[in-house]
Amino acid sequence: MAIFISKSPEETFAFGERFAKTLRAGTVVLLNGEMGAGKTVFAKGVAKGLGIEEEILSPTYAYMNDYGGKLYHFDCYRLSCGGQAESLGLTDYFYADGVCLIEWAENISSVLPEKTVTVNIKKLGGCEREITYE
């Protein structure tokens with residue numbers, strides 16, 4: 001496990017941008033952290049690192065936003081089980097050619113692929129965050 005300490009939203013964004021360079025098409029990233037931890041800021045950095053210029057928005061009400069097939073950004077907060085993700089067709093994207101970035105993945109754990117990358121963002125106080133990944 002690797003650890004990065006971010007002192008600001010800008011550092012979290014920049015870390016996400018660098019982290020994106022380690023990802024390949026088809027990678028599924030589980031993005032964990034409480035509300036307000038900086039998951040969307042991190043996702044914006046990942047998108048920038050993947051060369052996506054569109055504005056990245058939290059997909060809370062859409063469940064998943066597709067950014068040109070390069071990035072699939074999921075928010076599974078409102079899902080209660082993996083079966084719901086399957087019935088919505090969300091699981092099909094796990095095996096597509098883009099990077100999947102999944103917030104609240106624990107809600108659909110029963111249908112996640114076996115091989116994933118996990119990123120945890122933890123508030124330390126103020127703007128400081130501990131980002132761990134494996």
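1. Two strands pair if DSSP finds at least two bridges between them. Helices (H or I, at least four residues) and strands (E, at least two) are themselves DSSP runs, numbered from the N terminus. Strand E3 (residues 64–67) and strand E4 (residues 71–75) meet that rule: four bridges join them in the antiparallel sense.

2. Some ground rules. This is a predicted model, in which local features need pLDDT of at least 70 and side-chain atom pairs count only at pLDDT 80 or more, while totals for chains, interfaces and linings use all residues. Residues are numbered from 1 along each chain as its sequence is written, and side-chain values use heavy atoms, with hydrogens and water left out.

3. Overall layout. The chain has three helices and seven strands. Along the sequence they follow the pattern β-α-β-α-β-β-α-β-β-β. The radius of gyration is 14 Å, close to the 14 Å that the globule rule gives for 134 residues, so the chain is as compact as a globular protein of that length. That radius is taken over C-alpha atoms, and the rule is 2.2 Å times the number of residues to the power 0.38. Along the principal axes, the C-alpha atoms fill a box of roughly 40 × 30 × 30 Å.

4. Burial and surface. Of the 134 residues, 46% count as buried. Buried means under 20% relative accessible area, exposed over 50%, and partly exposed in between (1.4 Å probe, protein chains only). The chain exposes about 6,900 Å², and carbon and sulfur atoms supply 50% of that area. Areas come from the Shrake-Rupley method with a 1.4 Å probe; for residues, only the protein chains shown count as cover.

5. Contacts along the sequence. Residues 24 or more positions apart account for 63% of them.

6. Helix H1. H1 covers residues 9–20, twelve in number. Its first and last C-alpha atoms lie 17 Å apart, close to the 16 Å expected at 1.5 Å a residue. The expected span is 1.5 Å times one less than the number of residues. Thr 12, Phe 15, Gly 16, Phe 19 and Ala 20 are buried in H1. Seen down the helix axis, the buried residues fall within an arc of 140°, so they line one face of H1. The arc is that of the directions from the axis to the C-beta atoms.

7. What does the buried part of H1 pack against? Its buried residues pack against strands E1 (2–6), E2 (28–32), E6 (117–125) and E7 (128–133), and against helix H2 (39–49).

8. Strand E2. Four of its five residues are buried. E2 pairs with strand E5 (residues 99–103) in the parallel sense over four bridges. It also runs parallel to E6, again joined by four bridges. Leu 31 has Glu 103 as its bridge partner in E5 and stands opposite Val 119 in E6. Leu 30 stands opposite Thr 118 in E6.

9. The hairpins. E6 and E7 run antiparallel, joined by six bridges, with Lys 123 opposite Arg 129 in E7. Two residues separate these strands, and Gly 126 in the turn has a positive phi of about 55°. The hairpin of E3 and E4 has three residues between its strands, and Gly 68 there takes a positive phi near 65°. Tyr 67 stands opposite Leu 71 in E4.

Methods. Contact means heavy atoms within 4.5 Å.
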